[in-house]
Amino acid sequence: MASMPDISVVVPVYDEEGAAPALAREIAAAFAGRAFEIVFVDDASRDGTRAALKALAGEIPELRILAHRKNSGQSRAVRSGVLAARAPVIVTLDGDGQNDPADGPGLVDALDAGPPELALVGGERVKRQDSRAKKLASRVGNGVRKRLLRDTANDTGCGLKAFRREAFLRLPYFDHIHRYLPALMLREGYQVAFRPVNHRHRQTGRSKYTNLGRLMASLSDLLGVMWLQSRARNPGGVDEV
């Protein structure tokens, strides 16, 4: 940990005692041979998530654990992790184990291979391992969002993303921002790209969201992001003369 990492893997977790340790080991295996750190952000879990992760300290030296004092949601946990991250490239994935860490290095490589303007490479889940109702709600929500925001993304609900830390910190923060990163990156003049990624069954715990809850939040979020887009003025670059 003495040298600075090239990649910071940020994982928000809330009541994921059953999934978090195995996920940490998978991340360490996926990024072996690279300069990386793993930043788990415990969003005030009520179970043994934090203790289970702390027990891995000797096994995974790249592991760091941050803890919110109050539950603040996934977007705030991601932001806390990004703010604390020491690397210029961030990889995020959900803490429930449904995102496959093995896909993370490929997203990083695609980001590195792109032009300087490419700030985000997002995963698009194939063969979704969710209920029929959840997949239908996601398909409808993604279609409406893509049409209104013109963000070119088919699946912003996928937690697996690689992006430049500096670009993320330029974005306006609000709750649920993690679902609107492509639109906000485009608003700032960056480019975004997408790659297919694996999706897995949830093995432990339960989802923290409901279809109705997502719908109610997304309506106000969509209006807010549309307003931000309408108020954007991009200079096309800044030159020192």
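A residue is called buried when its relative accessible area is under 20%, exposed when it is over 50%, and partly exposed in between (1.4 Å probe, protein chains only). By this rule Valine 144 is partly exposed, because its relative accessible area is 39%. The structure is a predicted model, in which local features need pLDDT of at least 70 and side-chain atom pairs count only at pLDDT 80 or more, while totals for chains, interfaces and linings use all residues. Residues are numbered from 1 along each chain as its sequence is written, and side-chain values use heavy atoms, with hydrogens and water left out.

Valine 144 is found in helix H5; helices (H or I, at least four residues) and strands (E, at least two) are DSSP runs, numbered from the N terminus. Together with Leu136, Val140, Leu148, Leu223 and Met226, Val144 makes a nonpolar surface patch of about 510 Å². Patches consist of residues with over 30% relative accessible area and no salt bridge, where like charges are joined within 9 Å and nonpolar side chains (Val, Leu, Ile, Met, Phe, Trp, Tyr) within 5 Å. Accessible areas come from the Shrake-Rupley method with a 1.4 Å probe, and for residues only the protein chains shown count as cover. Helix H5 (132-149) and helix H8 (211-230) each supply at least two residues of the patch, and H5 gives the most, with four residues.

The next topic is the aromatic rings. The structure holds three aromatic pairs, a pair being rings of Phe, Tyr and Trp (its six-membered ring) with centres within 6.5 Å; planes under 30 degrees apart count as stacked, over 60 as edge-to-face and the rest as tilted. The pair of phenylalanine 31 and phenylalanine 36 is tilted, because the ring centres lie 6.1 Å apart and the planes stand at 40 degrees. Phenylalanine 31 counts as buried because its relative accessibility is 2%, and phenylalanine 36 is buried with a relative accessible area of 8%. Phenylalanine 174 and tyrosine 180 also form a tilted pair, since their centres are 6.3 Å apart and their planes are at 45 degrees. Both phenylalanine 174 and tyrosine 180 are buried.

Histidine 68 lies in the loop between strand S3 (63-67) and helix H3 (74-84). With a relative accessible area of 13%, histidine 68 is buried. Its side chain is joined to that of serine 80 by a polar contact of 2.8 Å; such a contact is a pair of N or O atoms within 3.5 Å, and within protein one must be able to donate a hydrogen and the other to accept it, with residues adjacent in sequence counting only if both atoms are side-chain atoms.

Charged side chains form a further set of links. A salt bridge is a side-chain nitrogen of Lys or Arg within 4 Å of a carboxyl oxygen of Asp or Glu, and by this rule the count comes to 14 salt bridges. In one of them, the side chains of arginine 200 and glutamate 26 meet at 2.8 Å, N to O. This pair links distant parts of the chain, 174 residues apart: arginine 200 is in the loop between strand S7 (191-197) and H8, and glutamate 26 is in helix H1 (residues 20-30). Another salt bridge brings together aspartate 109 and arginine 34 (3.0 Å, N to O). Aspartate 109 lies in helix H4 (residues 104-113) and arginine 34 in the loop between H1 and strand S2 (36-42), so the pair ties together parts that are 75 residues apart in sequence. Aspartate 151 and arginine 145 meet in a salt bridge of 2.7 Å, N to O, and both residues are buried.
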